[in-house]
Amino acid sequence: MHAAIYVRVSTDDQARYGYSLAEQKEACRLRAASLGASTVVEYADEGISGTILDRPGLNSLRETVKNGQIDVIIVRDPDRLSRKLAHQLLVTEEFEKAGVKLEFLDFDWKDTPEGRLFYSIRGAIAEYEREKIRDRMVRGKNQKARQGGIPIGFYAYGYVYNQETGGIHIDEDEAAVIKNIYTWFISEDIGVNGIAKRLNIAGTPTRKGKGIWHRNVIRQILVNPVYRGQWWYKEYTIQVPALVEAEVWEKAQRKLKEARRLWAGSSRNEYLLSGIISCSDCGNTMTGVFAKWWGKKERRYTCRKSSQGAKNAGCYPMKAITARVLEEAVWEQVCAWLDDPDTLAREAACEGLQEEELRQELERTEKHMDDVEKGREAVLNALASGLFELDGKIKGKLTDLKRRKERLEERKRELEAALQGARRHFAGMKDLRTLAREVLSRLDMLEFKEKKALVRALVSQVAVSGRGRPGGQGLRDVGVTILARLPEQEAGAFFSNVTR
Ligand SMILES: [Zn+2]
């Protein structure tokens, strides 16, 4: 077995800790001997900072590894390879790919901030993976659409999708609601919020059965071309039964467009923190708004909820904090974490995984299905024992129960698929290291979408307290707490040959 030793000390280390090359070499040689190495070659960098990757000693080690002349590399700790996480990832991957075993003298991956940060990065990268997988799934559905079939995932209110035949038909009750929404919108000036309110007051059931209509749902219904009989699937159009006349649908679009024009400037709708930011004063989530506020139009986050169905209206008077300063603060923190593993590990709070949530919802759904089935049986038994006659009312009740059961079954299938996806996702993250390298090397050039994914992967929650100054630009008088997310994952293939 051929062993290589890599040692590095910076002038700073020497002065501060009294580390010496000789000590490191001695310790590494002992380990090589205990492993039974037949040859030991030394590579050393003295007085060179670990933030620079281009070091003569390390370069020549990497070259030798590439040539396949080494079986094991012994290093005191990952810091010797590099002080930068991105570089550590790059170098360890390179060694691993070459089939070289990496031995650290006094370092346990699972128990150290550095080791845990790797998991964190993997989580971040996993976000990209998920995006990719989603993209692939979309492409799969496209293909089905091209062949004229209805791809899975057709869940429009007003229709029932038959899983077996792949066909869709109209749900009469829901279709009536859709028709109302369109008629009210084009013939009255009540707007989406007014429509939501009207439906809520009438107790109109939603698809999920919660009975709360949100204005966003109304808006989505109004812009959905499905209701005029066209299902646009990317560039393909699939004919479905129309619920409103084309003319009515067009009219609604024109009216929506007018409303949008009044909301000028809202094209800037990119909010880095949406979904993870909340107000510590009222407990609401904060959402992005692009509106005039104290004489200035700009992107802000607010905890105010003016829409239907909001339990908590938020802080009063309205609190709206400039988005840019909050986003900069969070982004700075994310970059700092990537640069300084210890801090992230210290601040990290382990977050439950999505998988757990899915599993719980699946359980609830199954329970629900049970209840529905029991209800159906009770009705059937009562009929069988002649307690009452099979009249229209009972028939309706049975149909209703049947429909509910079908919907639950549909949801169950969805959840099972999602759960399987989540599991697969944790099992096979092979391209991870490559991606990690890619992302970390261009941290400053990331696009908004990528930045957002990275922020979401590393930050579990941003809590904002205080209200800032009206029109204020800085974060004075505002408290921002940024909580780290550290995904808990088993040490997979990546760490299998990184041992103590
Ligand atoms: Zn608030």
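Predicted model: local features only at pLDDT ≥ 70, side-chain atom pairs only at ≥ 80, totals over all residues.

Student: What does the chain contain, in helices and strands?

Tutor: There are 16 helices and 16 strands. The chain has 500 residues, and 42% of them count as buried. Among contacts with a separation of 6 or more, 67% link residues 24 or more positions apart.

Student: How are two packed helices described?

Tutor: By two values: the angle between their axes and the distance between those axes. Now take α7 (residues 172–187) and α8 (residues 191–202). Their axes come within 10 Å and cross at roughly 140 degrees. Antiparallel would need an angle over 145, so α7 is oblique to α8. The crossing is right-handed.

Student: Which residues make the contact between α7 and α8?

Tutor: From α7, V177, I181, W184 and F185. From α8, G191, V192, I195, R198 and L199. By class, seven are nonpolar, one is polar and one is charged.

Student: Now the single residue. Where is E298 found?

Tutor: In strand β11, which covers residues 296–302.

Student: Is E298 buried or exposed?

Tutor: Its relative accessible area is 11%. Buried means under 20%, so E298 is buried.

Student: Which side chains make polar contacts with the side chain of E298?

Tutor: R300 is one of them, at 2.9 Å. The side chain of T322 is another, at 3.0 Å.

Methods
Residues numbered from 1 in each chain as written. Heavy atoms only, no water. Helix = DSSP H or I, 4+ residues; strand = E, 2+ residues; numbered from the N terminus. Buried < 20%, exposed > 50% of the residue type's maximum accessible area, 1.4 Å probe, protein only. Polar contact = N/O pair within 3.5 Å; in protein donor to acceptor, adjacent residues only side chain to side chain. Axes fitted to C-alpha atoms, helices over the stretch in contact; angles between N-to-C directions. Parallel < 35°, antiparallel > 145°, perpendicular 65-115°, else oblique. Left-handed = near helix turned anticlockwise from the far one by under 90°. Contact = heavy atoms within 4.5 Å. Nonpolar A, V, L, I, M, F, W, Y, C, P; charged D, E, K, R; others polar.
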